[in-house]
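Dear colleague,

I am handing over the structure below for your records. My notes on its salt bridges follow.

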Amino acid sequence: MELLDLLQQAMPTLFRGVGYTLVFAVASMLGGLLLGFPLAIARILPSRLARWPASTYVSLMRGTPLLVQIFVIYYGLPSIGISFSPLTAGVLALSLNAGAYLSESLRGAILGVHTGQWAASYSIGLNYWQTLRYIVIPQAIRIAVPSMSNTLISLIKDTSLVSVITVTELMLATKEIIAVTFRPLPLYLAAAAIYWCLSLCFERLQSRLESKLGQAHKSN
């Protein structure tokens, strides 16, 4: 009964943290997609001038810890006159990081579209950009759905890192309750269970989206 009372008291605070976690994850996913699309396209262009900056960015973001990136944006940039609120800094850091991974997912999906699709498009008079927009990218998105969904699930867990810049998402909310109750084990387990439930929900959405896209592809 004592454990149930503890969880009952903690749940309102934990659910507020869940709200921030979802806001961070969804906003960062959208930001990552806005960045990932041009990065993916830049990396498949013939021009080295386009490929090199994009490749360098992806390598940098994938090769450094997300926690360091958060520190650089929130604590480092103010030293050169650029400051962000904790919420903005958290979303920005997660978006910049996710964009690198999403660009790789999209690039692989675009390259995975059969070369015959390009040839067929050119044969009916479409140019490179028209082929990319109307023929290749719609197919590539269907191919990339599983890996993009994995990135979203990873973002849900990665939001725990923004607790270091005083954003009250799920992990920091859990720590605040622990500081009052001195019961770390059940509260951390409750937080883990919530993260798991969120991941399961998005896995279910991923399955449904894959199924719908698969049916649409077959009907075409």
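A network of salt bridges links R43, R62, E104 and R107. Here a salt bridge is a side-chain nitrogen of Lys or Arg within 4 Å of a carboxyl oxygen of Asp or Glu. The model is a predicted one, in which local features need pLDDT of at least 70 and side-chain atom pairs count only at pLDDT 80 or more, while totals for chains, interfaces and linings use all residues. Residues are numbered from 1 along each chain as its sequence is written, and side-chain values use heavy atoms, with hydrogens and water left out.

Helices are DSSP runs (H or I, at least four residues), numbered from the N terminus. E104 also meets R107 in a salt bridge (3.2 Å, N to O); both lie in helix α4, three residues apart, about one turn of the helix.

As for accessibility, buried means under 20% relative accessible area, exposed over 50%, and partly exposed in between (1.4 Å probe, protein chains only). R62, at 42%, is partly exposed, and R107, at 22%, is partly exposed.

The whole structure holds four salt bridges. One of them joins the side chains of E2 and R183 (3.1 Å, N to O). Because E2 lies in helix α1 (residues 2-44) and R183 in the loop between α7 (170-181) and α8 (184-219), the pair ties together parts 181 residues apart in sequence. E2 is exposed at 57%, whereas R183 is partly exposed at 28%.

Terms used: Helix = DSSP H or I, 4+ residues; strand = E, 2+ residues; numbered from the N terminus.
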